[in-house]
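Please consider the following structure together with its sequence.

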Amino acid sequence: MKALLDPGTARLPGALLLTAALLAACDGSPQGTRHIASTSPLLEPRDGYVVDHRQPARAEESRVRYLILHYTDENLDDSLRALTGPHVSSHYLVPLPTRRLQGQPVIYQLVDESRRAWHAGSSYWRGHRYLNDTSIGIEIVNAGPDGPWPGDDPTHRDLSWAPFPDAQTEALVQLLQDLIRRHQLDPEDVLAHSDVAPHRKLDPGPAFPWQQLHEAGIGAWPEDKRVAAWLDRFRLTPPSLEQLQRALAAWGYELSPSGILDEDTQRTLRAFQMHFRPTDHRGLPDAQTAAILWALLERYHPDQLAELLEETGGR
């Protein structure tokens, strides 16, 4: 091998020595380029040139800020047909029924994580818009509600929502744990589609097992004792609607404080309740919703809770 090198390269470290030898042996032909690629992963042939991967930059990070969870509202075949078509896509699809290969659940990857999938649409979270650019979309095969959403009338009839079977949830947990580890995401970075687009989306709905995911180390969840403490406080002196709107905005929603229970506020409350208080998600303000919200801010964004308390006179 040394015969292939000039005196200046003979003292290179081992990995670079091998690469230099391969480069020296290559005669510039396509066959020689393919030989380099097959023997050295540090060199990647592309159309008309070779990429040298030996000098990776340290000033970089994942483009992924959020994981956004959806349900497909379709069966598996129809979900795949829609998500591989020309209009919408997601990075991953968690199927139903769950398939296994050598004892492990099989999950479809439809878009590479480095690429943008079309799953979030018009969206917002904590100052960021158009979250397709900065998120991984995960669709979960699930039938959703048993009828159309009847609007924002708080007296609407209750819908029945399709459950998420344990085997499917276990597969999702494995996927999310891997994504969170590789992209170094915080608990509050795991979101519902309804969180980032509350005015037009309901998925993954109130039947989704958010608390079960939190127990597996995935996603945000309030501490019961702190919810109880805030609830005791709010039973005596509940926050105003404007304070509740400010707290929802501090958590991440796009909502302007007005003190009016308008459509924007009701839909935002509905999204928050579907995520953290699914037993009653009519979009109406109450002391328990406020207690859960304050407990979440206290746990995950204490600085913003302190600002909120300062603005509202300590309440």
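This is a predicted model: local features need pLDDT of at least 70, side-chain atom pairs count only at pLDDT 80 or more; totals for chains, interfaces and linings use all residues.

In the hairpin formed by E1 and E2, two residues stand between the strands, and Gly 48 adopts a positive phi near 95°. Strand E1 covers residues 43-46 and strand E2 residues 49-52, and the two pair in the antiparallel sense over four bridges. Arg 46 has Tyr 49 of E2 as its bridge partner.

Of its 315 residues, 44% count as buried. Among contacts between residues at least 6 apart in sequence, 63% join residues at least 24 apart.

Five strands make up an open sheet with mixed pairing, in the order E7-E4-E10-E3-E11. Strand E7 (108-109) and strand E11 (190-192) each have a single partner strand and therefore stand at the edges, with one side of each left without a neighbour in the sheet. Within the sheet, E3 and strand E10 (residues 135-140) run in the parallel sense and are paired over six bridges. Tyr 66 is found opposite Ser 135 in E10. Helix H3 packs on this sheet, where it touches strand E4 (92-94), E7 and E10. The direction of H3 makes about 175° with that of E4.

Most residues other than glycine have a negative phi, and most peptide bonds are trans. Asp 73 is placed in the loop between E3 and H3, while Gln 102 lies in the loop between E5 and strand E6 (104-105). Their surroundings may be described by accessibility. With a relative accessible area of 42%, Asp 73 is partly exposed, because this value falls between the limits of 20% and 50%. Gln 102 has a relative accessible area of 80% and is therefore exposed, the limit being over 50%.

The bond joining Leu 96 and Pro 97 has an omega of about 5°, and the bond from Asp 203 to Pro 204 has an omega near 5°. Pro 97 is located in the loop between E4 and strand E5 (100-101). The loop that holds Pro 204 runs between helix H5 (193-196) and helix H6 (210-215).

The description now turns to the empty space in the model. Rolling a probe the size of a water molecule over the atoms shows where such space is left. The largest pocket contains about 420 Å³ of space. Its lining consists of 23 residues, and those nearest its centre are Tyr 71, Thr 72, Glu 139, Lys 201 and Asp 203. Strand E3 (66-71) and helix H3 (76-83) are the elements that give two or more residues to this lining. The greatest contribution comes from H3, with three residues. By class, the lining of the largest pocket comprises ten nonpolar, seven polar and six charged residues.

The last stop is Phe 272, which lies in helix H9 (residues 263-276). Is Phe 272 buried or exposed? Its relative accessible area is 0%, so Phe 272 is buried, the limit being under 20%. Beyond the neighbours within four places in sequence, Phe 272 is in contact with Leu 248, Trp 251, Tyr 253, Arg 277, Thr 289, Ile 292, Leu 293 and Leu 296. The C-alpha atoms of Phe 272 and Ser 194 are separated by 8.4 Å, although these residues are 78 residues apart along the chain.

Methods. Residues are numbered from 1 along each chain as its sequence is written. Side-chain values use heavy atoms; hydrogens and water are left out. On a 1 Å grid over the protein atoms alone, a cavity is a set of points where a 1.4 Å probe fits but cannot get out, and a pocket is an open set with protein on both sides within 12 Å along at least five of seven lines; lining residues have an atom within 4 Å of a point. Grid points are joined across faces, edges and corners, and a volume is the space filled by probe spheres set on the points. Ala, Val, Leu, Ile, Met, Phe, Trp, Tyr, Cys and Pro count as nonpolar, Asp, Glu, Lys and Arg as charged, and the others, Gly among them, as polar. Two strands pair if DSSP finds at least two bridges between them. Contact means heavy atoms within 4.5 Å. Axes are lines fitted to C-alpha atoms, for helices over the stretch in contact, and angles run from 0 to 180 degrees between N-to-C directions. Buried means under 20% relative accessible area, exposed over 50%, partly exposed in between (1.4 Å probe, protein chains only).
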